[in-house]
Amino acid sequence: MNYGQIYYADVANGPGCRTSLFVSGCTHHCRGCFNQETWDFSFGHEYTRETENRILESVKPSYIDGLTVLGGEPMEPSNQKALLPLYRRIKEKVPHADIWIYSGYTWEELTDPSNKRAHTDCTDEILSLTDVLVDGEFVEDLKDISLCFRGSSNQRIIDVQKTIEYGKITLKDI
Amino acid sequence: MDTIVVKTNVIKRNGREVSFDEQKIINAIMKANKEVEGIHQLNHAQVQAVADGISRQVAASPHAVNVEDIQDLVEKGIMEMRCYEVAQKYVRYRYKRELSRKSNTTDNGILALIDQVNEEVKQENSNKNPVINSTQRDYMAGEVSKDLTNRVLLPEDIVKAHKEGIIHFHDADYFAQREHNCDLINLEDMLQNGTVISETMIEKPKSFYTACNITTQIVAQVASNQYGGQSFSLAHLAPFVDVSRQKIKKQVIAEREEIGDDLDPEKVMKVVDHRLQSEIESGIQTIQYQLVTLMTTNGQTPFVTMFIYLDEVPEGQTRDDLARLAKEVFRQRIQGIKNEKGVWVTPAFPKIIYTLDQDNIEEGSPYYDLTKLAAECTAKRMVPDYISAKVMKELKGDVYTCMGCRSFLTPDNEDNDEGLCNAGNKSGALDYKEGEHKYYGRFNQGVVTINLVDVACSAVKEAEEKGTDRFEEFDRIFDERLELCHRALLCRHNRLMGTSSDVAPILWQHGALARLKKGEKIDKLLFGNYSTISLGYCGISEMTYEMTGVSHTDPKGKEFALKVMRHLNDKCAEWRRAENISYSLYGTPMESTTYKFAKCLQKRFGIIPHVTDKNYITNSYHVHVTEEIDAFSKLKFESEFQKLSPGGAISYVEVPNLQTNIPAVLSIMKYIYQNIMYAELNTKSDYCEVCGYDGQIRIVEDDNGKLVWECPKCGNRDQSRMSVARRTCGYIGTQFWNQGRTQEIRDRVLHLSIPEFSDTNEMNVNASVK
């Protein structure tokens, strides 16, 4: 997997100060996408074990609220596989850090085992480690810059753990 | 005849040293000679003899000789030849030259400022609007004061160093009068025990609203009698909430009795509380609106800071009342004030400082909701700034606010030789309690700032010229310059000595600072710790780069920078010990001076990359505005320097619009609480009146290379049709800035959302703004 950028102490992609990882590769190709160059899976820099270590270190301070992964598409099957070890390590080593994932796939698509485009062997475990999923493609007609932490009004900020627990989509209270 | 070899230099009036030239003396004598009849003239041999005599005396002098002293020698020499007529002509000539040198030098400056072409004055102070008549009157007085200061009141070498940008003698425009700089006013004493405003007795107010009204009157009077800022505590108003509550309660009971309603305490208190709330709202609004609309005799709104520290009042009702007042202050500030177009904008004053403490910093602590509101207020209006009670107790033993100009008083503790600073109540405060530490009523005498960048550049230059070690040169020049600052500070101190309490009754007689007798001198308050005097410094960043080739965030640079900071403190301590005057090291919040210093440095040393290549130099110990560093690392790094800046200094972090991410503001606030005594967040809230854009207005270069402000939405560049608020050095400015400061504002990098790779900066960083 490649990635385009990492922002440290980022305040634009989730509450508090966070580390934000922009992974490369996306097959949605939404009209009006804000980061078209990241559609290419080979865009940017190679994601290595060192990259993973850097990210892990960066979320350790108590004033860093967590990690946000966006892109690109963090839930492309190949990216899921590359990112799972990072999620595992964060949850194991840094309990205070929460994990936000921005995906063009919807909750329903990701949790549907028959959907081979979005659901992989890793997906259930990834969601079990995720705190918030901002789901759905960006729809230019529904764009609204006054929205907090999302681009278009169709996107949902889902509290993943509550959604799993209650068995129905539960939105995060922002 | 042998010529006399004179190696001794002559110091000219402008301070420059030149080599001695006997011919000039001969010329001067010959000139006077020609004015008298032949019989009274000196012959050639006599002229030569006088000149040789002077040459010998100058050559024998162990140090450079002042040109005035040489003229004395000439006079004496002519007299010794008994040519009294020539001597008389020479003396008259000298006197005439002296007069023309000291003749009126302010005409041009004053006319230029009235015609609004005096750029320097126009951009000097971001809180003054120099086109307004009343402000111009203040500036005219300032020009006269500066002129007197330069020609009459200060020694020439200090004036020269000031002009060359080696040091800065602050507030020369007020130096002619006997005014001090800034203070913490003792509002409590004035409200509780009464005061006098414009010869009118003001007794203890009988309601909260009246107390607020009196407070604004006091602030206005104080501001008109000093040139620096003042701070007051909201805690001093808190007791009046209950005064109003009890008063309203009586009224409500009487009213209900009159119309036969029941006196159920719950119902009564509900009505009382409603009315009290509306009185609190009116009172806070009075303070806010009166303070921003007032125009003092200094031609500006008062520089005033409101301090909020819950522990200043006893736990229980009064503390809850104080928290309630603070909540109302924040609520109204978030709303803003309406400008002339009816748009809600960010007011510059009063500045607000909120103290972070264990009872309000963690989720679940009793006043955490207030802290959250403070965070919202900061995101929207840049204030409050934050003092960490935890760190301040570690550093100073007490918690107290800085004075108007971000300067901190010296802690009041028993360990000092003379004990507590107000021992025996020398200030005559009516709220004096023996053994209690005193902060309200204390003040600062004034500031002189050393330009550390110039010390470094001078050292490197001399070392290169002489082939010596630059660090040795640095130490030598540093000490010379410090001694110059020391003498300049003593001039300040001595100017205040002998001041009668009559010059500002509100300050010295009626409780704001003291309650001295009429005609009593303020001298005793100028010694010990009662008042401080500030040795300012600036440009640690550029200085370190020039000397070590690296930033002071680099370990090697840091070691040098900290050494310099310690030496500055050692000097203050040495002077204090010798004179019992509370010298204190102060990270000067320079406004126009940053531009002046930068210009002087370029003139003296040319363009040196990272050192003199900008139109500004960095304030105090701050990390350079262009250096990429995250907010937390910056605060942590700077806290080490803040510790060594006991006379004051504020750290800041530059952040984007955080109105939608209050948790991030709170994270930074919690970090401040744990790590640094005093810090602020620079947020952005601008407004374009042409298109209604509400966000960050940017700085661009116009066709002539001048920096101008431009609305990113509609391209409007008309400064009169936009409102821009930026914090430049502790204070929020809304009147735009000089080119140096504007460049500095443009160069500021954000201390949040730091990219790992700068090559992909083009990438959109914000998922929510497509």
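Author: Start with strands. Two strands pair if DSSP finds at least two bridges between them. Strands themselves are DSSP runs of E with at least two residues, numbered from the N terminus. In chain B, strand β1 (residues 9–11) and β3(B) pair in the parallel sense over two bridges. There, B:Ile11 stands opposite B:Asn66 in β3(B).

Reader: What should I know about the model and its numbering?

Author: The model is predicted: local features need pLDDT of at least 70, side-chain atom pairs count only at pLDDT 80 or more, and totals for chains, interfaces and linings use all residues. Residues are numbered from 1 along each chain as its sequence is written, while chains are lettered from A and ligands numbered from 1 in the order in which they are written.

Reader: Which strands of chain B form the open sheet with mixed pairing?

Author: Three strands, in the order β2-β1-β3. The edge strands are β2 (17–19) and β3 (65–66) of chain B, and each pairs on one side only.

Reader: And where is the antiparallel case, in what order?

Author: Also in chain B. This open sheet of three strands runs β20-β19-β23, with antiparallel pairing. β20 (694–695) and β23 (722–723) of chain B each have a single partner strand, so one side of each lacks a neighbour in the sheet. Strand β19 (residues 686–688) of chain B joins β23(B) over two bridges, in the antiparallel sense. B:Tyr687 is opposite B:Ser723 in β23(B).

Reader: Now the interface. How many residues of chain A are in contact with chain B?

Author: First, the cut-off. Two residues are in contact if their C-beta atoms, placed from the backbone, lie within 7 Å. Here 31 residues of chain A contact 27 residues of chain B. On the chain A side, β1 (2–10), β2 (17–23) and β4 (64–71) each supply at least two residues. β1(A) gives the most, with seven residues.

Reader: What classes of residue make up that side of chain A?

Author: There are 19 nonpolar, eight polar and four charged residues. Nonpolar means Ala, Val, Leu, Ile, Met, Phe, Trp, Tyr, Cys and Pro; charged means Asp, Glu, Lys and Arg; the others, Gly among them, are polar.

Reader: Which strand of chain B pairs with β1(A)?

Author: Strand β26 (residues 754–755) of chain B, in the antiparallel sense over two bridges. A:Tyr8 has B:Ile754 as its bridge partner in β26(B).

Reader: Which domains does the assignment give for chain B?

Author: Domain bounds come from an automatic or database domain assignment. For chain B, that assignment gives domain 1 (9–101) and domain 2 (183–396). Taken over C-alpha atoms, the centres of these two domains of chain B are 68 Å apart.

Methods: Helices (H or I, at least four residues) and strands (E, at least two) are DSSP runs, numbered from the N terminus.
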